[in-house]
Amino acid sequence: MRVFLLALLFSLSSFTSVSMWDEDEILNEVEFARLNEHVNEIKSFTASNHKYSNKIAFLVDMKIKSGRNRFFVYDLENNQILDQGLVAHGKGSETGIKGDILQFSNSPESNCTSLGRYSVEKPYKGVFGKAFRLAGLDETNNNAMKRAIVLHSYKEVPSDEKEYYIINSHGCPMVNQEFLNRLSKYIESSNSKILLSVYY
């Protein structure tokens with residue numbers, strides 16, 4: 001009977017696509033405070049801008065080192081992290097103090113990450129395969145379309161956390177293919193546009 005119950009539990013878990021994470025296990029107190037601050041900003045923004053999802057949001061904490069999970073899928077209704085993954089920052093954001101102190105720019109050709117809120121737009125097929133255009137909603141990132149800043153995957157981005165820094169992008173939030181596949185499900189099943197908040 002015990003074996004049967006274990007088998008049943010395993011079979012049910014294999015159909016579950018949503019993973020819920022305890023924030024205390026993956027974020028320290030300061031990181032959690034930063035996350036909460038930006039979650040509250042998103043909630044306030046979506047309350048008066050109904051074309052954006054008030055259910056799901058994406059958040060990227062650029063103060064977290066690139067070898068750690070710092071891209072979070074957040075459930076705005078139940079206040080919990082649903083998923084997390086690695087994400088690269090732009091090589092222009094490096095300051096010579098590898099990955100520890102970053103700089104940011106909205107300028108074309110800077111190869112920098114831009115901070116701010118983005119609207120995740122429709123997918124297209126580009127040089128990296130499926131990708132999602134990002135429309136910058138703030139003065140700090142309103143050149144995103146002009147700069148071709150998109151959410152895309154790249155084979156050199158690891159699936160699991162590392163002790164070292166991961167590869168840099170040309171300014172795009174770049175993830176591994178497995179994580180992009182999971183993000184795609186959230187984006188394409190949403191009835192409204194999902195916000196991506198990149199902060200530091």
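**Exercise 1.** Find which exposed residues lie on the face of H3 turned away from its buried side.

*Solution.* In this predicted model, local features need pLDDT of at least 70, side-chain atom pairs count only at pLDDT 80 or more, and totals for chains, interfaces and linings use all residues. Residues are numbered from 1 along each chain as its sequence is written, and side-chain values use heavy atoms, with hydrogens and water left out. Helices (H or I, at least four residues) and strands (E, at least two) are DSSP runs, numbered from the N terminus. The face in question carries Glu 29, Val 30, Ser 44, Ala 47 and Ser 48, which are exposed (over 50% relative accessible area, whereas buried means under 20% and partly exposed lies in between, with a 1.4 Å probe and protein chains only).

Turning to the other residues, Glu 31, Arg 34, Leu 35, His 38, Val 39, Ile 42, Phe 45 and Thr 46 of H3 are buried. They cover an arc of only 135° around the axis, which puts them on the same side of H3; the arc is that of the directions from the helix axis to the C-beta atoms.

**Exercise 2.** Check the span of helix H3 (residues 29–48) against the distance between its end C-alpha atoms.

*Solution.* The expected span is 1.5 Å times one less than the number of residues.

**Exercise 3.** State how many disulfides the structure holds.

*Solution.* A disulfide is a pair of cysteine sulfur atoms within 2.5 Å, and the structure holds 0 of them. Cys 112 counts as buried at 5% relative accessibility, and Cys 172 is buried with a relative accessible area of 9%.
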